[in-house]
Amino acid sequence: MMDEKILLKEKDIPTQWYNIQADLPSPLAPPINPATKKPLNPKDLLPIFPKELIQQELSLKRWIDIPDEIRQIYKIWRPTVLHRAFRLEKALKTPARIYYKDESVSPAGSHKANTAIAQAYYNKKEEVKRICTETGAGQWGSALAHACNIFNLKCTVYMVRVSYEQKPFRKSLMHIWGAEVFPSPTNKTHAGRQIQKRFPHTAGSLGIAISEAVEDAATHKDAKYSLGSVLNHVLLHQSVIGLEVKHQLKIAGEKADVLVGCVGGGSNFAGLVFPFVKDKLNGKDIDFVAVEPTACPTMTKGPFCYDFGDTAKLTPLLKMYTLGHSFVPPGIHAGGLRYHGCAPLVSLLVNKKIVRPFAVHQTEIFKAAILFAKTEGHLPAPETAHAIHAGIVEALKAKAQKKSKCIVINYSGHGHFDLAAYDNYLGGHLKDYHYPEELIHKALNELKCLGV
Ligand SMILES: Cc1ncc(COP(=O)(O)O)c(C=O)c1O
(Lines give C-alpha, C1' and ligand atoms only; values in the text may rest on other atoms or scores of the structure.)
Protein backbone atom coordinates (compact mmCIF):
# COMPACT_ATOMS: atom_id res chain seq x y z
CA MET A 1 0.00 0.00 0.00
CA MET A 2 1.25 3.49 -0.80
CA ASP A 3 2.03 5.92 1.97
CA GLU A 4 -0.39 8.75 2.55
CA LYS A 5 2.10 11.05 4.28
CA ILE A 6 5.60 11.64 2.90
CA LEU A 7 7.59 12.46 6.02
CA LEU A 8 11.03 13.96 6.51
CA LYS A 9 13.20 14.03 9.63
CA GLU A 10 14.25 17.20 11.48
CA LYS A 11 17.75 16.78 10.10
CA ASP A 12 16.18 17.16 6.61
CA ILE A 13 15.09 20.76 7.26
CA PRO A 14 17.02 22.68 4.57
CA THR A 15 20.31 24.20 5.73
CA GLN A 16 20.24 26.87 3.01
CA TRP A 17 17.57 29.02 1.38
CA TYR A 18 17.42 28.97 -2.41
CA ASN A 19 17.72 32.36 -4.13
CA ILE A 20 16.13 32.36 -7.57
CA GLN A 21 17.91 35.63 -8.43
CA ALA A 22 20.90 33.45 -9.41
CA ASP A 23 18.87 31.59 -12.04
CA LEU A 24 16.48 34.11 -13.60
CA PRO A 25 15.91 34.03 -17.37
CA SER A 26 16.58 37.80 -17.41
CA PRO A 27 17.71 40.21 -14.68
CA LEU A 28 15.18 41.67 -12.30
CA ALA A 29 14.40 45.35 -12.94
CA PRO A 30 15.87 47.30 -10.00
CA PRO A 31 13.69 49.02 -7.39
CA ILE A 32 13.55 52.75 -8.16
CA ASN A 33 13.83 55.67 -5.78
CA PRO A 34 10.68 57.71 -6.58
CA ALA A 35 12.42 61.02 -5.77
CA THR A 36 15.41 60.56 -8.12
CA LYS A 37 13.80 58.08 -10.56
CA LYS A 38 17.15 56.24 -10.34
CA PRO A 39 17.81 52.71 -9.03
CA LEU A 40 17.55 52.61 -5.28
CA ASN A 41 20.70 52.93 -3.18
CA PRO A 42 20.60 50.10 -0.59
CA LYS A 43 21.36 52.76 2.06
CA ASP A 44 17.90 54.23 1.39
CA LEU A 45 16.41 51.13 3.02
CA LEU A 46 18.39 51.36 6.27
CA PRO A 47 15.73 53.33 8.18
CA ILE A 48 13.23 50.50 7.70
CA PHE A 49 15.11 47.18 7.36
CA PRO A 50 18.06 45.54 9.13
CA LYS A 51 21.28 45.35 7.07
CA GLU A 52 21.31 41.59 6.64
CA LEU A 53 17.81 41.56 5.14
CA ILE A 54 18.81 44.37 2.73
CA GLN A 55 21.77 42.24 1.64
CA GLN A 56 19.49 39.25 1.08
CA GLU A 57 17.08 41.44 -0.87
CA LEU A 58 19.81 42.32 -3.37
CA SER A 59 21.90 39.14 -3.26
CA LEU A 60 22.58 37.15 -6.43
CA LYS A 61 24.08 34.22 -4.49
CA ARG A 62 22.20 31.01 -5.29
CA TRP A 63 22.32 29.56 -1.76
CA ILE A 64 22.15 31.47 1.53
CA ASP A 65 22.89 29.69 4.82
CA ILE A 66 20.03 29.40 7.29
CA PRO A 67 21.41 30.29 10.75
CA ASP A 68 21.24 27.39 13.23
CA GLU A 69 19.09 29.43 15.62
CA ILE A 70 16.43 29.78 12.92
CA ARG A 71 16.59 26.06 12.03
CA GLN A 72 16.09 25.25 15.72
CA ILE A 73 12.90 27.31 15.76
CA TYR A 74 11.74 25.88 12.42
CA LYS A 75 11.76 22.51 14.24
CA ILE A 76 8.62 23.58 16.13
CA TRP A 77 6.66 22.66 12.98
CA ARG A 78 9.12 21.75 10.19
CA PRO A 79 9.62 19.67 8.17
CA THR A 80 5.99 19.77 7.10
CA VAL A 81 4.14 16.80 5.67
CA LEU A 82 3.57 16.25 1.96
CA HIS A 83 0.19 14.60 2.00
CA ARG A 84 -1.34 12.46 -0.74
CA ALA A 85 -5.02 13.44 -1.14
CA PHE A 86 -6.32 9.91 -1.88
CA ARG A 87 -9.88 10.70 -0.77
CA LEU A 88 -10.13 13.84 -2.87
CA GLU A 89 -8.80 11.91 -5.89
CA LYS A 90 -11.46 9.25 -5.31
CA ALA A 91 -14.26 11.82 -5.06
CA LEU A 92 -13.10 13.43 -8.32
CA LYS A 93 -12.65 10.01 -10.00
CA THR A 94 -9.42 11.37 -11.43
CA PRO A 95 -6.36 9.43 -12.51
CA ALA A 96 -4.27 12.38 -11.27
CA ARG A 97 -2.19 11.97 -8.12
CA ILE A 98 -2.88 14.99 -5.92
CA TYR A 99 -0.49 15.98 -3.11
CA TYR A 100 -0.69 18.90 -0.73
CA LYS A 101 2.19 20.41 1.20
CA ASP A 102 0.80 21.19 4.65
CA GLU A 103 2.12 24.59 5.70
CA SER A 104 -0.85 25.09 8.03
CA VAL A 105 0.90 23.41 10.96
CA SER A 106 2.98 26.36 12.18
CA PRO A 107 1.81 27.87 15.50
CA ALA A 108 -0.06 30.72 13.78
CA GLY A 109 -1.43 28.39 11.11
CA SER A 110 0.31 29.27 7.84
CA HIS A 111 3.50 29.43 5.78
CA LYS A 112 4.06 33.02 6.99
CA ALA A 113 6.07 31.72 9.95
CA ASN A 114 8.94 30.68 7.62
CA THR A 115 9.85 34.31 7.05
CA ALA A 116 8.50 35.79 10.32
CA ILE A 117 11.06 33.82 12.34
CA ALA A 118 13.89 34.81 9.98
CA GLN A 119 12.95 38.49 9.96
CA ALA A 120 12.55 38.70 13.73
CA TYR A 121 15.94 36.96 14.11
CA TYR A 122 17.81 39.48 11.93
CA ASN A 123 16.08 42.44 13.58
CA LYS A 124 16.99 41.15 17.03
CA LYS A 125 20.59 40.62 15.92
CA GLU A 126 20.78 44.30 14.94
CA GLU A 127 19.25 45.41 18.25
CA VAL A 128 15.93 46.60 16.93
CA LYS A 129 13.37 46.91 19.74
CA ARG A 130 10.03 46.98 17.88
CA ILE A 131 8.76 45.70 14.53
CA CYS A 132 5.85 47.35 12.70
CA THR A 133 3.85 45.53 10.08
CA GLU A 134 0.56 45.31 8.21
CA THR A 135 -1.73 42.31 8.03
CA GLY A 136 -4.65 41.42 5.81
CA ALA A 137 -6.38 38.30 7.02
CA GLY A 138 -4.33 38.34 10.22
CA GLN A 139 -2.22 35.31 9.25
CA TRP A 140 0.92 37.36 8.73
CA GLY A 141 0.31 39.54 11.79
CA SER A 142 -0.09 36.50 14.01
CA ALA A 143 2.99 34.79 12.55
CA LEU A 144 5.08 37.90 13.22
CA ALA A 145 3.54 38.33 16.70
CA HIS A 146 4.64 34.77 17.50
CA ALA A 147 8.15 35.37 16.10
CA CYS A 148 8.52 38.65 18.05
CA ASN A 149 7.38 36.86 21.19
CA ILE A 150 10.16 34.28 20.72
CA PHE A 151 12.83 36.98 20.28
CA ASN A 152 11.40 39.32 22.92
CA LEU A 153 10.65 42.12 20.46
CA LYS A 154 7.66 44.48 20.57
CA CYS A 155 5.27 44.11 17.66
CA THR A 156 2.82 46.67 16.21
CA VAL A 157 0.29 45.40 13.66
CA TYR A 158 -1.87 47.53 11.35
CA MET A 159 -4.72 45.19 10.42
CA VAL A 160 -6.91 45.92 7.38
CA ARG A 161 -10.20 47.15 8.83
CA VAL A 162 -12.49 44.70 7.02
CA SER A 163 -10.44 41.74 8.31
CA TYR A 164 -10.22 43.27 11.80
CA GLU A 165 -14.01 43.17 11.84
CA GLN A 166 -14.43 39.81 10.04
CA LYS A 167 -11.77 37.97 12.06
CA PRO A 168 -11.70 39.20 15.67
CA PHE A 169 -10.03 36.00 16.90
CA ARG A 170 -6.91 36.53 14.79
CA LYS A 171 -6.57 39.73 16.81
CA SER A 172 -6.92 37.72 20.04
CA LEU A 173 -4.10 35.43 18.91
CA MET A 174 -1.84 38.42 18.24
CA HIS A 175 -2.71 39.83 21.69
CA ILE A 176 -1.85 36.47 23.32
CA TRP A 177 1.63 36.68 21.78
CA GLY A 178 1.95 40.26 23.05
CA ALA A 179 1.42 42.35 19.91
CA GLU A 180 -0.59 45.60 19.72
CA VAL A 181 -3.14 45.60 16.89
CA PHE A 182 -4.90 48.58 15.23
CA PRO A 183 -7.64 48.59 12.57
CA SER A 184 -6.23 50.34 9.50
CA PRO A 185 -6.62 53.11 8.44
CA THR A 186 -5.94 54.51 11.93
CA ASN A 187 -5.59 58.09 13.10
CA LYS A 188 -2.14 57.23 14.50
CA THR A 189 -0.29 57.99 11.26
CA HIS A 190 -0.32 60.80 8.72
CA ALA A 191 -1.03 58.27 5.94
CA GLY A 192 -3.98 56.79 7.88
CA ARG A 193 -5.48 60.23 8.65
CA GLN A 194 -5.24 61.29 4.99
CA ILE A 195 -7.04 58.14 3.83
CA GLN A 196 -9.72 58.51 6.53
CA LYS A 197 -10.35 62.08 5.35
CA ARG A 198 -10.71 61.04 1.68
CA PHE A 199 -12.58 57.77 2.25
CA PRO A 200 -14.27 57.81 5.70
CA HIS A 201 -16.00 54.45 5.13
CA THR A 202 -13.11 52.55 3.52
CA ALA A 203 -12.76 48.81 4.18
CA GLY A 204 -9.01 49.39 4.21
CA SER A 205 -6.47 47.53 2.09
CA LEU A 206 -3.04 46.00 2.40
CA GLY A 207 -1.63 48.99 0.47
CA ILE A 208 -3.00 51.40 3.10
CA ALA A 209 -1.86 49.27 6.06
CA ILE A 210 1.66 49.02 4.57
CA SER A 211 1.81 52.84 4.35
CA GLU A 212 0.94 53.10 8.04
CA ALA A 213 3.46 50.48 9.16
CA VAL A 214 6.28 51.94 7.02
CA GLU A 215 5.58 55.44 8.35
CA ASP A 216 5.54 54.20 11.95
CA ALA A 217 8.92 52.46 11.49
CA ALA A 218 10.52 55.33 9.58
CA THR A 219 9.53 57.87 12.23
CA HIS A 220 10.71 55.86 15.27
CA LYS A 221 14.41 55.19 15.72
CA ASP A 222 14.20 51.92 17.63
CA ALA A 223 11.62 50.43 15.24
CA LYS A 224 11.89 48.72 11.86
CA TYR A 225 9.35 47.58 9.32
CA SER A 226 8.64 44.03 8.26
CA LEU A 227 6.72 42.85 5.19
CA GLY A 228 5.05 39.43 5.00
CA SER A 229 5.30 38.99 1.23
CA VAL A 230 6.31 40.63 -2.10
CA LEU A 231 10.00 41.36 -1.38
CA ASN A 232 12.85 39.13 -2.57
CA HIS A 233 14.10 38.24 0.92
CA VAL A 234 10.61 37.11 1.98
CA LEU A 235 10.31 34.82 -1.04
CA LEU A 236 13.83 33.56 -0.31
CA HIS A 237 12.84 32.46 3.22
CA GLN A 238 9.81 30.62 1.83
CA SER A 239 12.01 28.44 -0.41
CA VAL A 240 12.16 25.87 2.41
CA ILE A 241 8.71 24.76 1.20
CA GLY A 242 9.74 23.79 -2.33
CA LEU A 243 13.11 22.39 -1.22
CA GLU A 244 11.34 20.00 1.13
CA VAL A 245 8.78 19.10 -1.55
CA LYS A 246 11.60 18.20 -3.98
CA HIS A 247 13.05 15.85 -1.39
CA GLN A 248 9.63 14.37 -0.60
CA LEU A 249 8.69 13.79 -4.26
CA LYS A 250 11.97 11.95 -4.69
CA ILE A 251 11.11 9.68 -1.75
CA ALA A 252 7.67 9.05 -3.29
CA GLY A 253 9.24 8.32 -6.69
CA GLU A 254 7.25 11.18 -8.23
CA LYS A 255 7.96 13.99 -10.68
CA ALA A 256 5.68 17.00 -10.46
CA ASP A 257 3.65 17.86 -13.57
CA VAL A 258 1.69 20.74 -12.01
CA LEU A 259 2.52 22.96 -9.03
CA VAL A 260 -0.26 25.19 -7.70
CA GLY A 261 -0.25 28.04 -5.21
CA CYS A 262 -2.43 31.06 -4.46
CA VAL A 263 -0.96 34.53 -4.88
CA GLY A 264 -1.52 37.53 -2.63
CA GLY A 265 1.91 39.11 -2.68
CA GLY A 266 3.36 35.87 -4.06
CA SER A 267 5.37 34.38 -1.18
CA ASN A 268 3.80 30.93 -0.63
CA PHE A 269 3.56 30.41 -4.39
CA ALA A 270 7.22 31.34 -4.84
CA GLY A 271 8.20 29.18 -1.86
CA LEU A 272 6.75 26.09 -3.53
CA VAL A 273 7.62 26.85 -7.15
CA PHE A 274 10.99 28.65 -7.27
CA PRO A 275 13.14 25.59 -6.46
CA PHE A 276 11.57 23.93 -9.56
CA VAL A 277 11.99 26.85 -12.00
CA LYS A 278 15.50 25.88 -13.08
CA ASP A 279 14.20 22.40 -14.01
CA LYS A 280 11.63 24.03 -16.28
CA LEU A 281 14.22 26.36 -17.81
CA ASN A 282 16.30 23.23 -18.50
CA GLY A 283 13.45 21.72 -20.49
CA LYS A 284 11.25 19.86 -17.97
CA ASP A 285 7.54 20.08 -18.68
CA ILE A 286 6.04 21.53 -15.47
CA ASP A 287 3.04 23.80 -15.26
CA PHE A 288 3.24 26.46 -12.52
CA VAL A 289 -0.27 27.76 -11.76
CA ALA A 290 -0.54 31.04 -9.82
CA VAL A 291 -4.08 31.56 -8.55
CA GLU A 292 -5.67 34.91 -7.70
CA PRO A 293 -9.24 36.18 -7.01
CA THR A 294 -11.26 37.70 -9.86
CA ALA A 295 -12.04 40.50 -7.38
CA CYS A 296 -8.35 41.50 -7.33
CA PRO A 297 -7.02 40.25 -10.68
CA THR A 298 -3.50 41.65 -10.51
CA MET A 299 -1.65 39.17 -12.71
CA THR A 300 -4.46 38.50 -15.19
CA LYS A 301 -5.68 42.10 -15.71
CA GLY A 302 -2.98 44.48 -14.51
CA PRO A 303 -0.11 45.91 -16.55
CA PHE A 304 3.53 44.95 -15.83
CA CYS A 305 5.03 48.27 -14.81
CA TYR A 306 6.63 50.26 -12.00
CA ASP A 307 4.33 51.10 -9.11
CA PHE A 308 4.43 51.83 -5.39
CA GLY A 309 3.99 48.92 -2.99
CA ASP A 310 1.67 51.01 -0.81
CA THR A 311 -1.16 53.49 -1.13
CA ALA A 312 0.58 56.54 0.36
CA LYS A 313 3.58 56.16 -1.99
CA LEU A 314 6.14 55.70 0.78
CA THR A 315 7.83 52.59 -0.67
CA PRO A 316 10.30 52.39 -3.55
CA LEU A 317 8.85 51.75 -7.01
CA LEU A 318 8.81 48.06 -7.92
CA LYS A 319 8.35 46.60 -11.39
CA MET A 320 5.42 44.24 -11.04
CA TYR A 321 1.93 43.37 -12.17
CA THR A 322 -0.27 45.94 -10.49
CA LEU A 323 -3.80 47.29 -10.39
CA GLY A 324 -2.47 50.65 -9.23
CA HIS A 325 -1.48 51.61 -5.70
CA SER A 326 -4.81 53.37 -5.11
CA PHE A 327 -6.90 50.30 -6.03
CA VAL A 328 -8.97 49.14 -3.06
CA PRO A 329 -10.33 45.65 -3.80
CA PRO A 330 -13.79 44.55 -2.64
CA GLY A 331 -13.95 43.06 0.87
CA ILE A 332 -13.75 39.41 -0.17
CA HIS A 333 -13.03 36.81 2.50
CA ALA A 334 -9.57 35.89 1.25
CA GLY A 335 -8.12 39.00 2.93
CA GLY A 336 -4.54 37.89 2.26
CA LEU A 337 -5.15 38.06 -1.51
CA ARG A 338 -6.44 41.65 -1.50
CA TYR A 339 -3.20 43.27 -2.67
CA HIS A 340 -2.90 45.59 -5.67
CA GLY A 341 0.60 44.37 -6.64
CA CYS A 342 2.55 41.14 -6.88
CA ALA A 343 6.13 40.17 -6.03
CA PRO A 344 8.54 41.46 -8.72
CA LEU A 345 10.13 37.99 -8.92
CA VAL A 346 6.79 36.25 -9.52
CA SER A 347 5.74 39.05 -11.90
CA LEU A 348 8.87 38.60 -14.00
CA LEU A 349 8.19 34.87 -14.37
CA VAL A 350 4.55 35.55 -15.30
CA ASN A 351 5.76 38.06 -17.89
CA LYS A 352 8.21 35.50 -19.31
CA LYS A 353 5.33 32.96 -19.47
CA ILE A 354 7.10 30.58 -17.10
CA VAL A 355 4.29 30.96 -14.57
CA ARG A 356 0.63 30.74 -15.64
CA PRO A 357 -1.77 33.08 -13.80
CA PHE A 358 -5.37 31.98 -13.23
CA ALA A 359 -8.22 34.02 -11.67
CA VAL A 360 -11.12 32.40 -9.82
CA HIS A 361 -14.40 33.49 -8.23
CA GLN A 362 -15.03 33.58 -4.49
CA THR A 363 -17.96 31.12 -4.49
CA GLU A 364 -16.00 28.56 -6.54
CA ILE A 365 -13.19 28.53 -4.01
CA PHE A 366 -15.53 27.95 -1.08
CA LYS A 367 -17.17 25.05 -2.97
CA ALA A 368 -13.71 23.52 -3.49
CA ALA A 369 -12.80 24.12 0.17
CA ILE A 370 -15.92 22.29 1.38
CA LEU A 371 -15.21 19.33 -0.92
CA PHE A 372 -11.67 19.27 0.45
CA ALA A 373 -12.92 19.40 4.06
CA LYS A 374 -15.43 16.62 3.38
CA THR A 375 -12.86 14.35 1.73
CA GLU A 376 -9.51 15.18 3.33
CA GLY A 377 -10.92 16.46 6.63
CA HIS A 378 -8.83 19.62 6.85
CA LEU A 379 -10.48 23.05 6.51
CA PRO A 380 -8.36 25.43 4.40
CA ALA A 381 -8.01 29.20 4.73
CA PRO A 382 -10.00 30.99 1.99
CA GLU A 383 -6.67 32.03 0.43
CA THR A 384 -5.52 28.41 0.30
CA ALA A 385 -8.88 27.38 -1.14
CA HIS A 386 -7.94 29.28 -4.33
CA ALA A 387 -5.06 26.83 -4.83
CA ILE A 388 -7.28 23.86 -3.99
CA HIS A 389 -9.87 24.95 -6.54
CA ALA A 390 -7.20 25.27 -9.24
CA GLY A 391 -5.73 21.89 -8.25
CA ILE A 392 -9.18 20.34 -8.68
CA VAL A 393 -9.56 22.02 -12.10
CA GLU A 394 -6.22 20.46 -13.14
CA ALA A 395 -7.23 17.03 -11.77
CA LEU A 396 -10.48 17.16 -13.76
CA LYS A 397 -8.55 18.21 -16.86
CA ALA A 398 -6.29 15.17 -16.37
CA LYS A 399 -9.41 13.02 -16.10
CA ALA A 400 -10.84 14.40 -19.35
CA GLN A 401 -7.48 13.82 -21.06
CA LYS A 402 -7.13 10.37 -19.42
CA LYS A 403 -3.69 11.44 -18.15
CA SER A 404 -2.17 10.39 -14.86
CA LYS A 405 -0.61 13.65 -13.73
CA CYS A 406 1.17 14.50 -10.47
CA ILE A 407 -0.30 17.69 -9.00
CA VAL A 408 1.13 19.43 -5.92
CA ILE A 409 -0.90 22.07 -4.11
CA ASN A 410 0.55 24.43 -1.54
CA TYR A 411 -1.74 24.14 1.49
CA SER A 412 -0.67 27.56 2.77
CA GLY A 413 -2.91 27.82 5.85
CA HIS A 414 -5.87 26.45 7.80
CA GLY A 415 -9.26 28.11 8.01
CA HIS A 416 -10.03 27.73 11.70
CA PHE A 417 -10.35 31.49 12.14
CA ASP A 418 -12.44 31.85 8.99
CA LEU A 419 -15.60 30.13 10.15
CA ALA A 420 -17.70 33.28 9.76
CA ALA A 421 -16.77 33.28 6.07
CA TYR A 422 -17.78 29.62 5.78
CA ASP A 423 -21.07 30.38 7.56
CA ASN A 424 -21.71 33.16 5.04
CA TYR A 425 -21.02 30.79 2.18
CA LEU A 426 -23.22 28.02 3.58
CA GLY A 427 -25.99 30.56 4.23
CA GLY A 428 -25.85 31.61 0.55
CA HIS A 429 -24.76 35.15 1.40
CA LEU A 430 -21.51 35.29 -0.57
CA LYS A 431 -21.46 36.86 -3.98
CA ASP A 432 -18.91 36.84 -6.75
CA TYR A 433 -17.26 40.15 -7.47
CA HIS A 434 -16.72 40.84 -11.10
CA TYR A 435 -13.77 42.79 -12.32
CA PRO A 436 -14.53 46.40 -11.31
CA GLU A 437 -13.27 47.83 -14.65
CA GLU A 438 -14.06 51.45 -13.82
CA LEU A 439 -12.28 51.48 -10.49
CA ILE A 440 -9.24 49.72 -11.88
CA HIS A 441 -9.03 52.11 -14.84
CA LYS A 442 -9.20 55.02 -12.43
CA ALA A 443 -6.38 53.56 -10.34
CA LEU A 444 -4.29 52.77 -13.43
CA ASN A 445 -4.66 56.33 -14.73
CA GLU A 446 -2.79 57.55 -11.66
CA LEU A 447 0.00 55.13 -12.57
CA LYS A 448 0.64 56.82 -15.91
CA CYS A 449 1.90 59.88 -14.04
CA LEU A 450 4.79 57.98 -12.47
CA GLY A 451 6.84 58.33 -15.64
CA VAL A 452 9.29 55.46 -15.12
C1 LIG B 1 -3.09 31.27 4.37
C2 LIG B 1 -2.56 32.27 3.39
N3 LIG B 1 -2.24 31.86 2.16
C4 LIG B 1 -1.79 32.73 1.24
C5 LIG B 1 -1.65 34.08 1.52
C6 LIG B 1 -1.18 35.01 0.45
O7 LIG B 1 0.05 35.57 0.68
P8 LIG B 1 1.31 35.20 -0.20
O9 LIG B 1 0.91 35.41 -1.62
O10 LIG B 1 2.38 36.10 0.24
O11 LIG B 1 1.63 33.79 0.08
C12 LIG B 1 -1.97 34.56 2.78
C13 LIG B 1 -1.80 35.98 3.12
O14 LIG B 1 -2.14 36.47 4.14
C15 LIG B 1 -2.43 33.62 3.75
O16 LIG B 1 -2.77 34.02 4.97
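How many nonpolar, polar and charged residues does the shell around the ligand have? The shell has seven nonpolar, 13 polar and one charged. Here Ala, Val, Leu, Ile, Met, Phe, Trp, Tyr, Cys and Pro count as nonpolar, Asp, Glu, Lys and Arg as charged, and the others, Gly among them, as polar.

This is a predicted model: local features need pLDDT of at least 70, side-chain atom pairs count only at pLDDT 80 or more, and totals for chains, interfaces and linings use all residues. Residue numbers start from 1 along each chain as its sequence is written.

**Ligand shell**

The ligand is surrounded by 21 residues (C-beta atom, placed from the backbone, within 6 Å). The closest are Gln 139, Ser 229, Gly 264, Gly 336 and Gly 413. Helices (H or I, at least four residues) and strands (E, at least two) are DSSP runs, numbered from the N terminus.

Domain 1 (77-109 + 233-448) and domain 2 (113-227) both give residues to the shell, so the ligand lies between them. The domain bounds come from an automatic or database domain assignment.

**Helix contact**

Residues of α15, including Phe 366 and Phe 372, meet residues of α16, including His 386 and Ile 392. Contact means C-beta atoms, placed from the backbone, within 7 Å. The residues of this contact divide into nine nonpolar, two polar and one charged.

**Whole chain**

The chain has 18 helices and 17 strands. Its C-alpha atoms fill a box of roughly 60 × 50 × 45 Å, taken along the principal axes.

Methods:
Contact = placed C-beta atoms within 7 Å.
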